[in-house]
Amino acid sequence: MPAPPDLRALLDAFFRPAPSSRPVQLLRAAAELRARSSGALTDAAMLDFGRPIDGGPWCPRLFGPIESLRCRCGRIVGPEHRGETCERCHVLCTDEPLREQRVAHIEAPFGLVHPMLAARIGALLGLSLSQVFAVADGEIVILSDGRLVLHEDVDLDDEEVSFETGPRALRRRLADVVDPELTAAGLSAEALVLTSVPVPPPGDRPLYHEEWPDEDRWFRALWSQRVGSDNRALQGLVARALRATRMLELDAPAILLDRDCIAAQRAFEAALDLLARPPDAPERAPGPLDGWLPAPVHGDDEDHVPGTLYPFRLAGAPAVSDAYERQIYHRAPHRPDVPRACVLVEGDRALVQLGYAMLLVHWPTGHVLRTMPSTEARLLGAAGRWALFGDKFGRQLDLADPTVLRGLYALHLNSGTWLEGPYPEDLPAIFVEKDQPEDAWLTDWRGQRGATGAEDGSGDRADEWARSPDHRYIWMSSAPDDGAILDTERGVVVLMISHMREPAGPDVPTLALTGPEPDEDAEIDDQVGPAIAIARPGGEWRVLLPGGKLRRDGRIALRFTEAAVECAAFDPTGERLLLVNRDALHVVDVAGNELLARLDLRPLAPALAFPEVLPPELADLLLARWGTLAAALAEPDEALLELGLDAEQLAALRAEPPPALPDMLSGT
């Protein structure tokens with residue numbers, strides 16, 4: 001829906017003024033837009049994990065809710081709350097198209113020069129139009145005696161030379177000038193240098209997206225990565241303006257302050273130049289979606305062509321197998337659709353690692369946001385935008401590059417790219433290191449040493465089975481029903497699993513799950529994740545024990561029945577628990593003991609099934625490289641024949657291709 005006619009006229013008067021318009025008209029439009037503003041932008045970022053940033057150019061508090069009759073946090077939903085403002089997220093619950101009607105503004109107390117006002121500024125100060133722009137952009141400085149000199153000709157080391165430049169210099173000189181036309185309109189000449197800039201409604205600068213079947217408006221708005229040129233131009237202006245404002249508040253030296261004010265002026269001119277063009281102009285078209293990036297080139301990879309696939313691994317991704325140089329054998333799970341690990345990340349997303357494929361799912365709606373081939377490295381957890389994976393037998397420092405820890409991999413959840421060192425500073429630094437299968441200890445890899453006071457309280461053949469969402473606590477044991485939980489900061493045992501084997505009382509509430517029945521005598525396979533999880537929000541221990549028992553505050557608080565739990569994880573807050581088995585994905589509210597979502601995973605099985613016409617070893621290689629047979633068959637015949645298929649096997653596969661992974665999982 002376009003902006004209302006009166007708002008549209010004001011926006012056009014500011015961003016696309018007619019050549020014959022007077023300065024008074026533009027200043028009145030700017031004043032009216034400032035009066036209508038819902039508030040000032042306080043952040044240049046738009047989205048974080050697909051969620052709008054408070055105070056940013058896409059903020060629902062300023063511009064209105066993204067989803068009709070729903071606040072940002074979901075606390076108040078439905079027509080009965082129409083007109084209410086959420087006390088937690090401060091977003092109005094309404095079905096009115098506020099995002100096409102509301103404007104915000106950018107504070108610029110240092111001043112910005114609108115190109116349409118430059119001629120009047122020059123006439124009042126005795127400058128030409130080009131000189132006004134040169135001063136505003138810092139190319140020319142004004143000396144104390146009024147002379148104009150090129151900035152490069154000024155001796156900055158000469159303390160006797162006094163000069164000023166940028167929009168601030170023009171604004172100070174306009175304070176001593178009187179313009180009869182502006183005075184009659186109740187304005188001063190100083191107002192010709194703007195101190196606030198209107199921000200158009202999000203409806204005028206939408207997010208772009210690829211068409212997906214059955215997608216809803218809320219999902220489309222939140223998860224697109226193509227923010228468009230309009231939004232990027234405004235982001236640059238907001239970032240520069242906020243920095244210049246902060247420098248002004250800190251009373252920074254004039255030379256530093258002028259530099260930031262000039263940068264803000266240039267960003268303002270760039271944004272005006274873009275927004276003055278027609279909406280269908282090529283310059284305003286969105287950029288391409290983020291995708292796979294070329295693999296890093298180091299060591300034995302120097303002959304690798306950037307952007308192409310390694311033998312059986314995606315560009316930059318950890319290897320799927322190290323046996324026989326990853327060219328003959330690949331150890332396959334008994335069932336490729338059995339979950340190996342899972343994690344809840346910010347933005348209501350769940351990452352599930354199956355035998356051959358990984359799914360990034362938006363669990364409230366069931367949308368599959370990303371699919372990619374899996375890896376033998378096990379999913380350990382998440383940290384911000386990154387998911388962490390580790391080799392089964394620990395990690396080793398690279399002697400040639402001490403910033404790289406071999407065996408530790410990071411997957412960027414927004415772009416789907418792998419990082420194999422150097423790692424971001426906020427990634428966890430302490431892991432379980434192993435030399436022989438019987439030995440294990442905690443290692444702080446950044447310091448290249450054992451963690452302080454690290455001790456093995458885990459028994460024989462120890463391994464890391466689970467870690468808390470904040471990565472401070474690690475469940476370290478030889479089996480998922482034994483061992484101890486260690487504090488990685490102190491390197492000491494804080495909980496023993498043997499002390500938490502009390503039976504659930506008769507008054508413990510139960511929650512029924514969907515999926516295969518639990519097998520009490522079954523052993524956890526190497527390719528299947530443990531059904532355990534730990535978290536400590538607010539000092540309260542929350543532990544999911546084997547057998548589906550949730551322990552809180554030293555007692556069993558909830559028991560899961562009817563189906564097995566094959567892997568589990570808490571979210572970063574510890575308030576939600578993700579439970580996954582081969583049939584369903586469940587998200588549980590820990591405080592309320594209620595099921596928030598249940599998604600059916602059974603439609604995945606056909607896409608991950610082994611074809612009968614293909615020997616198991618060849619099917620393993622296909623799935624290890626491309627994740628699903630449908631993705632493998634999208635490759636040219638030459639790639640499949642090079643992998644080892646003969647013409648008869650290829651023809652049989654082409655004749656009856658398997659189904660692809662679904663774009664959306666249905667709730668059950």
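Which residues does T94 touch, not counting residues up to four places away in sequence?

## T94 and its surroundings

In this predicted model, T94 touches P65, S68 and L69 when residues up to four places away in sequence are not counted. T94 is placed in the loop between helix 3 (60–63) and strand 3 (104–113). With a relative accessible area of 5%, T94 counts as buried, because the limit for that class is under 20%. A polar atom of the T94 side chain lies 3.1 Å from the backbone nitrogen of E96.

L69, one of the residues touched by T94, lies in the loop between helix 3 and strand 3. L69 is buried, at a relative accessible area of 14%. The phi angle of L69 is near 55°, a positive value in a residue other than glycine.

## Nonpolar cores

The largest nonpolar core has 57 residues, of which F14, L41, I106, F110, L170 and F268 touch the most other members. Helix 10 (residues 254–275) gives the largest share of this core, seven residues. A second, separate core of 24 residues includes V361, A569, L599 and L665.

The contacts of L41 can be set out individually. Leaving aside neighbours within four places in sequence, L41 is in contact with G55, G56, P57, L62 and F63, and also with A104, H105, I106, V199, V238 and L242. Among these partners is I106, which is itself listed with the core residues that touch the most other members.

## Cavities

The structure holds six cavities of 30 Å³ or more. The largest cavity has a volume of about 320 Å³, and 28 residues line it. C342, L380, R467, A568 and A569 are the lining residues closest to its centre. A569 is also included in the second, separate core.

Several strands give two or more residues to the lining of the largest cavity: strand 8 (341–345), strand 12 (378–383), strand 21 (463–467), strand 26 (533–535) and strand 30 (567–570). The largest share, five residues, comes from strand 12. By class, the lining of the largest cavity has 19 nonpolar, four polar and five charged residues.

## The second largest pocket

The lining of the second largest pocket divides into nine nonpolar, three polar and eleven charged residues.

P662 is found in the segment after helix 15 (647–655). At a relative accessible area of 19%, P662 is still classed as buried, because the class covers values under 20%. Not counting residues up to four places away in sequence, P662 touches V368, P603 and L604. P662 and L601 are 61 residues apart in sequence, and their C-alpha atoms are 9.7 Å apart in space.

N593 is placed in the loop between strand 32 (584–589) and strand 33 (594–600). Although N593 is not a glycine, this residue has a positive phi of about 50°. N593 counts as partly exposed at 27% relative accessibility, because this value falls between the limits of 20% and 50%.

Notes. Residues are numbered from 1 along each chain as its sequence is written. This is a predicted model: local features need pLDDT of at least 70, side-chain atom pairs count only at pLDDT 80 or more; totals for chains, interfaces and linings use all residues. Side-chain values use heavy atoms; hydrogens and water are left out. A nonpolar core is a set of buried Ala, Val, Leu, Ile, Met, Phe, Trp, Tyr and Cys residues joined through side-chain atoms within 4.5 Å. Buried means under 20% relative accessible area, exposed over 50%, partly exposed in between (1.4 Å probe, protein chains only). Helices (H or I, at least four residues) and strands (E, at least two) are DSSP runs, numbered from the N terminus. Contact means heavy atoms within 4.5 Å. A polar contact is a pair of N or O atoms within 3.5 Å; within protein, one must be able to donate a hydrogen and the other to accept it, and residues adjacent in sequence count only if both atoms are side-chain atoms. On a 1 Å grid over the protein atoms alone, a cavity is a set of points where a 1.4 Å probe fits but cannot get out, and a pocket is an open set with protein on both sides within 12 Å along at least five of seven lines; lining residues have an atom within 4 Å of a point. Grid points are joined across faces, edges and corners, and a volume is the space filled by probe spheres set on the points. Ala, Val, Leu, Ile, Met, Phe, Trp, Tyr, Cys and Pro count as nonpolar, Asp, Glu, Lys and Arg as charged, and the others, Gly among them, as polar.
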